[in-house]
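Visitor: Could you take me through this one? I'd like to know what stands behind each label you use.

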Amino acid sequence: MVMRSSSPLPRMSRRGRVTIAVLVGVFVLFTLLGWGVQAWTDWLWFDEVRYTEVFTGVLVTRLLLFLAVGLGMAVIVGGNLWLAHRLRPRMRPHSVEQATLERYRMALSPRLGTWIALTAAVVGLFAGLSAQSRWNQWLLFRNGGDFGIKDPEFGVDIGFYVFQLPFWRYLLGVAFTAVVLAVIGALAVHYLFGGVRLQGVGDRMSNAARAHLSSLVAVFVLLKSVAYVLDRRAMLLEYNEGAKLYGAGYADVNALLPAKEILAYISIVVAIAIIVFSNAWMRNLVWPGISLALLGVSAVAIGGIYPWAVQTFEVKPSAKDKEAPYIQRSIDATRAAFGLAATETTPYAANNLTPPANLATDTAVVSNVRLLDPQLVSETYTQLQQVRGFYDFGPKLDIDRYGVNGKISDYVVGVREINYGELTDQQNTWINRHTVYTHGYGLVAAPANQVVCGGQPFFVSGFLGEKTQEACSSQTEQIPAKQPRIYYGERMAADDYAIVGQADPDKKAEFDRPVGEGGGESYTYTGEGGVEIGSFTRRLLYAIKEQESNFLLSEAVNKDSKLLYVRNPRDRVEKVAPFLTLDGDPYPAVVDGRVQWIVDGYTTAATYPYAERVNLQTETTDELTNRGTFQLARENVNYMRNSVKATVDAYDGTVKLYEYDDTDPVLKAWNKAFGGDLVLPKKDIPVELTEHLRYPADMFKVQRNLLTKFHVTNPGDFYSAQDFWQVPNVPDAPDSGQKQPPYYLFTQFPGQESPRFQLTSAVTPNGRQNLAALISGSYVEGKPRLEVLELPDQTRISGPVQVHQQMTNNANIRQQLNLLSSNQAQVQYGNLLSLPFGDGMLYVEPVYVKSNQQDAYPLLQKVLLSYGDGGSFVALADNINDGIKQLVEQGKKAGQGAPPPPTTGGNPPPTTGDGTPPLTGELAAAADRVQTAITEVRAAQTSGDFERYGRALKALDEALTAFQQAQQTANPPAAPSGSPSPGGSAPATTPSPTAAAGG
């Protein structure tokens with residue numbers, strides 16, 4: 001009986017093959033067209049900004065990596081597939097298995113070379129695509145130098161870890177992948193063509209197949225030995241669970257490190273054994289299998305069990321002493337990697353709790369107190385300086401300093417930009433959006449310490465030609481800009497391109513600025529920026545890119561037209577310098593008569609030995625994130641430098657990169673990678689630009705957060721973690737969980753010779769609310785300087801959250817605040833400023849009132865002030881000068897033995913309900929503690945968190961006990977013991993905690 005073979009698969013018709021070919025061709029054509037258009041327009045953009053070396057450098061590097069790694073992977077995999085077929089046995093024993101495989105052999109053999117090439121090409125394609133994304137690692141690998149600092153374990157320069165190690169580890173991963181794919185592919189081919197058999201008589205594997213596969217396995221084991229060597233270096237980057245820090249600890253150095261070295265030698269021996277036992281001696285797989293098993297057992301025993309035993313039985317019982325040298329390594333490395341090593345720490349006793357008399361005459365601190373909150377007054381700027389509905393200042397303004405009339409002061413600045421989202425339906429046509437409403441106008445500034453006209457900022461620049469009331473703004477431009485037009489700004493989205501330029505000089509199509517009621521002037525762009533699109537080819541090119549036919553059809557596009565795109569200054573710098581991590585808060589400044597956007601650029605790394613690794617997004621997120629600032633990417637780093645100051649001209653888009661840290665090896669490597677002159681030297685920074693450079697916010701946040709732990713430099717104290725700090729939450733909304741942002745001030749701290757522009761932040765002890773330290777960052781003679789004013793451990797000075805609660809919960813002040821807020825208005829609090837003065841602490845918090853009516857804006861109505869411990873001397877005044885006078889007057893009365901009552905405006909000193917004066921001294925501090933505890937109990941009740949409510953009740957009970965003890969110590973005359981009411985008087989009886997909480 002003759003068995004009929006299975007029918008072959010039906011062949012596709014000629015028409016079907018043609019259809020598929022056409023579809024594939026169209027897909028490839030459009031894909032290549034998209035890539036081509038994107039590459040061409042990118043080249044034109046880089047040519048406009050004169051940074052073509054970045055475009056060509058990145059493109060060529062990516063292409064070379066794609067080709068090198070892709071071809072290498074394809075050759076290795078394809079070569080082993082071909083070799084496996086070449087080594088196939090000519091004669092195969094008969095078996096059911098081989099009969100089944102024969103059908104596949106017959107189908108594949110005629111075009112086996114094609115199938116091998118196709119498989120190799122697919123593998124090479126994916127490998128190449130993965131490799132081209134490593135262009136940054138390759139450029140650093142080729143151009144990186146030395147740091148001049150050696151790691152504490154091997155004595156290897158830090159440059160190896162930052163520049164070399166990442167790419168070596170990537171290449172090792174590629175090699176592992178290639179060998180594994182080669183083994184799998186070769187095994188499949190050997191099996192298909194009879195070199196490896198599961199059934200039948202004789203050996204299960206031919207000599208040729210055994211030699212081929214065992215050689216590949218030996219190569220894999222040799223690569224494993226290389227991996228062990230690199231792992232020894234990489235151990236300095238791993239997390240040390242015992243010390244809760246990064247870097248090799250005691251068990252790693254004394255157990256795992258030698259274990260890795262032993263395993264590297266064992267791997268070499270095993271690789272040799274596999275070759276010898278498989279081919280030269282026994283020619284079977286038993287002993288090679290035993291060798292591999294022994295390697296696995298060794299890895300578990302030597303590399304796993306032994307280090308675990310050392311950690312468990314030797315380190316844990318005395319971890320503080322055993323880990324001390326390695327904790328010290330982490331402390332030193334972290335402080336060096338993040339620029340903390342030069343931090344100047346100064347003890348600040350803060351033992352003066354009484355407002356000094358010279359508060360009223362001070363000119364360095366009090367006169368420069370910033371009252372305008374850049375987040376709150378952005379609405380005020382928009383309403384008062386908007387003029388047209390399509391202008392916008394964004395959700396947050398910026399702080400800068402200017403010298404006006406010979407005096408340097410803080411100014412709140414904002415740029416009047418076009419907000420395309422606010423165009424009306426009639427205005428929002430393609431012509432209007434892209435050829436008429438092309439730019440904003442003016443940098444609007446107001447002194448940060450001055451308000452007029454019922455709480456409005458006093459505007460001194462950015463006028464549109466129309467003067468407002470004389471008392472509400474300057475009658476002249478105090479910060480004049482020769483070119484006030486804003487074509488590039490933070491409000492620009494990716495698709496907000498503008499077409500500018502006219503062939504007829506008399507034909508002005510762009511709306512320039514409003515004039516009179518409903519009128520406006522027109523303008524024609526004359527800057528050098530922009531890509532010329534006058535030719536038909538360019539118009540067609542951008543019509544394809546933007547998928548917009550008006551580039552070809554509209555008469556608004558003429559022979560002199562230019563296209564402005566990538567108009568957000570941060571995006572612009574990011575495209576020019578893709579190797580930089582950019583600060584989330586660009587800010588504008590008038591420099592030499594032109595509005596310039598200033599963007600801080602950071603160089604980062606993630607492989608600095610022993611340094612703490614942080615997530616940039618987590619560390620820089622606070623109340624202001626995404627509210628006028630950009631959120632940083634979720635990037636883990638353990639090295640960071642503010643190496644570049646970038647500027648973007650708001651009129652023509654010119655981008656310049658200035659070197660600011662001339663000692664940074666990472667920046668030197670990047671500059672070398674792109675020809676050596678990508679970044680201008682620090683000496684080329686214009687003097688006028690230098691006057692507007694400020695300590696970058698995101699860098700400061702990272703450093704501040706690290707200093708909460710790494711201000712402790714003794715390893716024993718660090719291990720105990722008793723002296724750690726924390727960043728407080730937002731004072732007026734502590735339950736939100738959002739951190740208090742740092743704030744810019746032009747002020748003078750103790751130890752500083754004169755007022756300087758600095759970024760400051762208060763920190764509190766970990767788990768407590770009193771003030772621990774003030775951290776400030778500033779530039780002194782062009783160098784960054786971090787300074788810490790550290791208060792004693794047992795200080796009575798309250799932290800920001802406590803101070804806000806104590807000020808706003810004072811009965812007299814609470815009454816005034818309640819009068820300000822109603823169903824028609826709401827109270828908003830500005831930045832709570834912590835200012836060291838006169839061996840004490842001055843707190844200032846602006847109070848704004850915003851009506852609930854439509855288009856209302858916040859107005860500064862009052863100023864809250866506190867001196868000392870936060871609760872003893874408090875004032876609510878109409879302005880800063882009146883508040884200071886009230887504090888000084890309270891201080892004088894306290895010095896004369898009279899009580900220091902909190903005052904509101906010019907009201908007489910208050911008394912308690914029974915006519916007795918408010919509490920003072922230790923008794924007042926105890927009363928404040930009770931009041932704070934009551935506030936926390938009420939907040940816990942409102943939140944519904946029963947665990948928090950229990951803790952709050954316990955804290956209140958302790959506070960009541962402390963108050964009673966203070967009463968007994970003070971021995972007041974016939975005063976019944978009890979807790980203070982919000983107004984500061986003692987009730988007749990001591991309430992229970994739940995009663996005090998209102999429950």
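Visitor: What are the ground rules for the numbers?

Guide: The model is predicted, so local features need a pLDDT of at least 70 and side-chain atom pairs count only at 80 or more, while totals for chains, interfaces and linings use all residues. Residues are numbered from 1 along each chain as its sequence is written, and side-chain values use heavy atoms, with hydrogens and water left out.

Visitor: How do you know which parts to trust?

Guide: By pLDDT, the predictor's confidence in each residue, from 0 to 100. The protein averages 86, and 88% of the residues score at least 70. Over residues 1-9, though, the pLDDT is below 50, and beyond near neighbours in sequence that stretch has 1 contact in the model (contact: heavy atoms within 4.5 Å). Residues 905-917 also stay under 50, with 17 contacts beyond four places in sequence. Where pLDDT is low, the predicted coordinates should not be read in detail.

Visitor: Why is K244 called partly exposed?

Guide: The cut-offs are these: buried is under 20% relative accessible area, exposed is over 50%, and partly exposed is in between (1.4 Å probe, protein chains only). K244 has 47%, so it is partly exposed. K244 also has a positive phi of about 60° although it is not a glycine.

Visitor: And what makes D592 count as exposed?

Guide: D592 is at 54% relative accessibility, which puts it over the 50% cut-off. D592 lies in the loop between β19 (587-591) and β20 (594-605), and its phi is positive too, about 55°, although it is not a glycine.

Visitor: How do you know that C453 and C472 form a disulfide?

Guide: A disulfide is a pair of cysteine sulfur atoms within 2.5 Å, and here the S to S distance is 1.8 Å, so the pair qualifies. By this rule the count comes to 1 disulfide. The pair links distant parts of the chain, 19 residues apart: C453 in the loop between β10 (451-452) and β11 (456-457), C472 in the loop between β11 and β12 (485-486).

Visitor: Why is that disulfide called left-handed?

Guide: The torsion about its S-S bond is about -105°, so left-handed is the label.

Visitor: What makes T435 buried?

Guide: T435 has a relative accessibility of 6%, which is under the 20% cut-off. T435 lies in helix α13 (residues 430-436). Leaving aside neighbours within four places in sequence, T435 is in contact with W430, I499, A509, E510 and A556. The side chain of T435 also reaches the backbone oxygen of I431 at 2.4 Å.

Visitor: How do you know that the length of α24 agrees with what it should span?

Guide: The expected span is 1.5 Å times one less than the number of residues. For the 16 residues of α24 (residues 880-895) that should be 22 Å, and the end C-alpha atoms are 23 Å apart, which agrees. At the N-terminal end, N879 is the cap: a side-chain oxygen lies 3.2 Å from the backbone nitrogen of N881. Buried residues in α24 include I880, I884, L887 and G891. In general, an α-helix has 3.6 residues a turn, so residues three or four places apart point the same way.

Visitor: Why is P89 called buried when its place is in a loop?

Guide: P89 has a relative accessible area of 16%, which is under 20%. The loop runs between α2 (52-86) and α3 (96-108). Not counting residues up to four places away in sequence, P89 touches F193, G194 and G195. The C-alpha atoms of P89 and S206 are separated by 7.3 Å, although the two are 117 residues apart along the chain.

Notes:
Helices (H or I, at least four residues) and strands (E, at least two) are DSSP runs, numbered from the N terminus. A polar contact is a pair of N or O atoms within 3.5 Å; within protein, one must be able to donate a hydrogen and the other to accept it, and residues adjacent in sequence count only if both atoms are side-chain atoms.
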